Amino acid sequence: MTASPLIEIEGLRVLFHGHAGRTTHAVDSVDLSVANGATLGLVGESGCGKSVTSLAIMGLLSKRSAEVSGSIRFDGFDLLDVPDDTLRDLRGNRLAMIFQEPMTSLNPSFTIGDQIIETILRHRGGTRRQARERAIELLRRVHIPSPDKRIDEYPHKLSGGMRQRVMIAMALACDPRLLIADEPTTALDVTLQAQILDLMRELKAASGAAIILITHDLGVVAEVCDEVAVMYAGEIVERAPVDELFASPQHPYTVGLLGSIPRLGRRTAHLATIEGMVPNMANPPAGCRFAARCPFMIEACIAAPPPLATVSPGHASRCIRAPLEKLVS
Amino acid sequence: MTALLEVEGLVKHFVAARSVFGRPTAYVKAVDGVSFTVEAGKTLALVGESGCGKSTVSRLVLRLIEPDAGIVRFEGRDLGTLGANRLRAFRREAQIIFQDPYASLNPRMTVSQILTEPLALHDLVPAARRRERVEELLRLVGLEPRFARRYPHEFSGGQRQRIAIARALAVEPKLIICDEPVSALDVSIRSQILNLLHDLQNRLGLAYIFVSHDLAVVKHIADRVAVMNLGGIVEIGDAEALFAEPRHPYSRALLSAIPVPKPEAKRSRIVLEGEMPSALNPPSGCRFHTRCPYVIARCRTEIPLLLADGRRHATACHRIAELPAPGAIVPADGGFSPVLEQLVAAFSDGTEAAGRAGVDMSDTRPPAVRS
């Protein structure tokens, strides 16, 4: 990792204020950093706070319902503490995002060309003709066949895979430094997923942008990420370089997740399961949030919240029983 | 061995457009000549991308929609000839579980009502004993009997899928069609449902037709696998053989596209170019020829037949004899380091000791619905 990270998140906390004074702790003291040109995978199951983290970075959470605190340093700004105008200048420009659902994230009443050109004109200026040239070039870069014709089509004419390519083209329009991809391939078939992942790798190599890839699929993480952060119940429970995480995970939740995926190379009668439920985030437990579902739980786990402690250089786990190897040897 | 279910030459074309006089002008060839058999107590998986016709096949087998041509025989009886009463009797033998447990349970019925309905409809259990049977069914799928009085919205996705499974089991079927039963669920919940399906098959001798696009899941659960592309089966064989050495170029591409949870895995990757052609206007000849890396002139004109070898492994490809060996498409080992294998084993032992059959029942309502 290089000396100064591109984006540095410290103590990010997001609270949602609901009905009758109910407060949901969606994200709790999250620290993350991504270096220039690196890909960070943010992994976890539904409701663990991974998407909320990305929306907080983009400044897309409604100020009325969400209370965001901590700091997000990006390119000399604190994103949580800049005026809306500055944020608007950054978004779509140096900060870009691809959403999960390519069906709903494009405006159905404008051509895809209009939607890409709008971004270019807003941030780069120039004439409409130049912007159109650039849009065609972008569509070519994401391998859309006959881009000079496709640019005038409406989103409904395109298949899911094509729409996701358009979303990527739009995100790349102003050469972002950081690209956040929230489950970019979840809605796609495996063959299309392979195409899109290849495309992301190729574009990253060409542009040197950093990527935060949000996914629940550990297979996708293994294929494209350099570093991984595993989230559970609003917290990061483990952070490690990708090889480390898959070779020797240091949090029981990560072990459970890895064990519960059916594996191609091996047939077992039973997959590992993680019993129980995610804790109620309106009232999170005082100690370790995974303790109630953890087979390695001891008294000390429920007494106090465990810190995210370093197990080996670059590898941190929020488990007081780490290193886990000593539990099985 | 006689098969439980035999399907021969199944065809279903949906009308996609009509002229002003109501005459059909375009068809979607959703299923075009599909044949397979399912043996009692075994699992056949139908895999393929969205729109390949796998869900249509599952509905045709149950006669939820009527086929245009083809024969479905269940225990030797031709289902196409059954009248309404006999058809209803057949529905006792074969059931279906759908993908989305949020949509497949009636929100206005309690779990007890949902499970009692099939019992009453087929007059299986006298009214006085039905409550007992409902409790038995809930226990069978790892839910507590006291949940019978709750409504579906009070359960999480995994629990709802268990209720859907209990409903299918209520009539004591021989065959259950599982249409993407785990694709709407989180990974840790998915493994619970897969384990449950596996246990139920062993205990009750059920046969499954398992429809899925997730090949790792299919590898885990299937005895035989049929790979579908654009309304036809391109390869069918025993799961072990098909995953070890996929023959059809499409099967190879599908298998090689699955991301494996192993960062340093070395394997040959076949990334298909282009998109799946539309079933409205399928390509001539072999329907895979537009995306196939091994295409020759013959593929564009002549439809390849599904030809079996001596070991019941059939492939529909003109170039089957000339294709290169598949290489390392699926990583040979389990993909995990020895330490991780031990940790996973320890993790499973720990959670199994805590409660083998089911989920923690202390707090059943998902946080999202508690308002």
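The entries below go from the ground rules to the annotation, the sheet, the helices, the cores and the rings.

**Ground rules.** I am working from a predicted model, where local features need pLDDT of at least 70, side-chain atom pairs count only at pLDDT 80 or more, and totals for chains, interfaces and linings use all residues. Residues are numbered from 1 along each chain as its sequence is written, chains are lettered from A and ligands numbered from 1 in the order in which they are written, and side-chain values use heavy atoms, with hydrogens and water left out.

**Annotation.** I checked the UniProt record, an unreviewed entry, and its annotation "domain: ABC transporter" covers residues 7-258 of chain A. UniProt positions are in the numbering used here, feature names are shortened, and annotations may be inferred rather than shown by experiment. In the model, that span is 38% helix and 27% strand, and its end C-alpha atoms lie 28 Å apart. Helices (H or I, at least four residues) and strands (E, at least two) are DSSP runs, numbered from the N terminus.

**Sheet in chain A.** I found an open sheet of four strands, with antiparallel pairing and the order S2-S1-S4-S5. Strands pair here if DSSP finds at least two bridges between them. Strand S2 (23-34) and strand S5 (77-78) of chain A stand at the edges with a single partner strand each, so one side of each has no neighbour in the sheet. Next I looked at S1 (residues 7-17) and S4 (residues 66-74) of chain A, which pair in the antiparallel sense over eight bridges. Glu10(A) has Ser71(A) in S4(A) as its bridge partner.

**Helix H1 of chain A.** What lies across the sheet strands S1, S2 and S4 of chain A? I traced helix H1 (residues 50-58) of chain A there, running at about 110 degrees to S1(A). Contact means heavy atoms within 4.5 Å; axes are lines fitted to C-alpha atoms, for helices over the stretch in contact, and angles run from 0 to 180 degrees between N-to-C directions. H1(A) is mostly covered, with seven of its nine residues buried. Buried means under 20% relative accessible area, exposed over 50%, and partly exposed in between (1.4 Å probe, protein chains only). Among the buried ones I noted Lys50(A), Thr53(A) and Ile57(A). Gly59(A) follows H1(A) and has a positive phi, near 65 degrees.

**Helix H1 of chain B.** I looked up H1 (residues 54-61) of chain B too, and six of its eight residues are buried. They include Lys54(B), Thr56(B) and Leu60(B). Just after H1(B), Arg63(B) takes a positive phi of about 55 degrees.

**Cores.** A nonpolar core is a set of buried Ala, Val, Leu, Ile, Met, Phe, Trp, Tyr and Cys residues joined through side-chain atoms within 4.5 Å. The largest one has 75 residues, and Ile116(A), Val166(A) and Ile168(A) have the most contacts inside it. Helix H6 (residues 160-171) of chain A gives the most to this core, with seven residues. I listed what Val166(A) touches, not counting residues up to four places away in sequence: Leu106(A), Ile112(A), Ile116(A), Leu139(A), Ile144(A) and Leu158(A). Apart from that core lies another, of 68 residues, among them Val47(B), Leu105(B), Ile176(B) and Ile193(B).

**Rings.** How many aromatic pairs are there over all chains? My search of the whole structure gave seven. Rings of Phe, Tyr and Trp (its six-membered ring) pair if their centres lie within 6.5 Å; planes under 30 degrees apart count as stacked, over 60 as edge-to-face and the rest as tilted. Tyr232(A) and Phe290(A) are edge-to-face, 5.1 Å centre to centre with 85 degrees between the planes. Tyr232(A) sits in strand S9 (residues 227-232) of chain A and Phe290(A) in the loop between helix H10 (252-259) and helix H11 (299-303) of chain A, 58 residues apart. Phe290(A) also pairs edge-to-face with Tyr253(A), at 5.3 Å centre to centre and 65 degrees between the planes. Tyr253(A) lies in H10(A), so this pair ties together parts that are 37 residues apart in sequence. Relative accessible area is 3% for Tyr232(A) and 2% for Phe290(A), while Tyr253(A) is buried at 1%. I also noted that eight of the eight residues of H10(A) are buried.
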